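Me: I would like to learn how to read a protein model. Could you take me through this one, step by step?

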Amino acid sequence: MTAKPTPRSIPRHISRRQRPQAPGPQHNITPTQAGADVAAIIRVDHAGEYGAVRIYEGQLAVMRARAGTSPAVKVIAHMAEQEQQHLNAFDALINERRVRPTALAPLWHVAGFALGAASAMLGEKSAMACTAAVEDVIDGHYAKQIATLDHDPALKKTIADFRADEIAHRNEALSHGAEKAPAYRLFSGAVKAGCHLAIRLSERL
Ligand SMILES: [Fe+2]
Ligand SMILES: [Fe+2]
């Protein structure tokens, strides 16, 4: 049995300090890779904010037809305004950074509205449960992105600001009875699973 050869590409006389360091997590990122990552981040966030706008439009369409202007409608309408601002910001980023938008926009157009409308048809608490579930996923999603964006402080700040809004939306939905919706855990789990799938698809497609 022969011993495995141990390659020694760095001569012994070079001190440890002079030797090239093993690439750490940050050293692995090449400019091209970072650019691709930022493009994926902008693409998926643009898609997500678009989906959020459509969810709230679906909810408001049903809730306004049913209840006119209940307190819940005002809460949802305020969230919808903020989602529109988030979407506008990502619209601008898509143009400025020349990022290809997701090819799935037509799907999110329909699926977002349908989810919003269906949740509102189940009742105001179900609409709030939908919001709490969606915003909970987005909170975690944005937190993960923020942790990778030290090389892009402007984008990092934008996402951090929006994350604060999404957390506020989740908390507001919880304070408006989200957890009292019928079959809350089942419904919340299904919405969250759908959001995770939408995120994975929109990063790539
Ligand atoms: Fe948003
Ligand atoms: Fe939100």
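Predicted model: local features only at pLDDT ≥ 70, side-chain atom pairs only at ≥ 80, totals over all residues.

**Reading the helices**

Reply: Let's begin with one pair: helix 2 and helix 5 cross in a left-handed way. A crossing is called left-handed if the near helix is turned anticlockwise from the far one by less than a right angle, and right-handed if clockwise. Residues are numbered from 1 along each chain as its sequence is written, while chains are lettered from A and ligands numbered from 1 in the order in which they are written.

Me: How many helices and strands does the chain have?

Reply: Helices (H or I, at least four residues) and strands (E, at least two) are DSSP runs, numbered from the N terminus. Here there are 6 helices and 0 strands, giving the pattern α-α-α-α-α-α along the sequence.

Me: At what angle do the axes of helix 2 and helix 5 cross?

Reply: Axes are lines fitted to C-alpha atoms, for helices over the stretch in contact, and angles run from 0 to 180 degrees between N-to-C directions. Angles under 35 degrees count as roughly parallel, over 145 as roughly antiparallel, 65 to 115 as roughly perpendicular and the rest as oblique. The axes of helix 2 (residues 71-96) and helix 5 (residues 153-175) cross at roughly 165° and come within 11 Å, which means helix 2 is roughly antiparallel to helix 5.

Me: Which residues of helix 2 and helix 5 make the contact?

Reply: Two residues are in contact if their C-beta atoms, placed from the backbone, lie within 7 Å. Helix 2 brings Val 75, Met 79, Gln 82, His 86 and Ala 89, and helix 5 brings Thr 158, Phe 162, Asp 165, His 169 and Glu 172. For residue types, Ala, Val, Leu, Ile, Met, Phe, Trp, Tyr, Cys and Pro count as nonpolar, Asp, Glu, Lys and Arg as charged, and the others, Gly among them, as polar. This contact of helix 2 with helix 5 has 4 nonpolar, 4 polar and 2 charged residues.

Me: Where is Asp 161, and how exposed is Asp 161?

Reply: A residue is buried if 20 or more other C-beta atoms lie within 10 Å of its own, exposed if 12 or fewer, and partly exposed in between, with C-beta atoms placed from the backbone. Asp 161 belongs to helix 5, and it counts as partly exposed because it has 13 C-beta neighbours inside 10 Å. Its C-alpha atom is separated by 9.5 Å from that of His 86, 75 residues apart along the chain. Over the chain of 205 residues, 32% count as buried.

Me: How do helix 3 and helix 4 pack?

Reply: Helix 3 (residues 105-121) and helix 4 (residues 124-146) have axes 6 Å apart and pack at an angle of about 140°, so the two are oblique to each other. Leu 115, Ser 119 and Ala 120 of helix 3 meet Ser 126, Ala 127 and Cys 130 of helix 4. The residues of this contact are 4 nonpolar, 2 polar and no charged.

Me: Which residues of helix 3 are buried?

Reply: They are Trp 108, Gly 112, Leu 115, Gly 116, Ala 117, Ser 119 and Ala 120. Just after helix 3, Gly 123 has a positive phi of about 130°.
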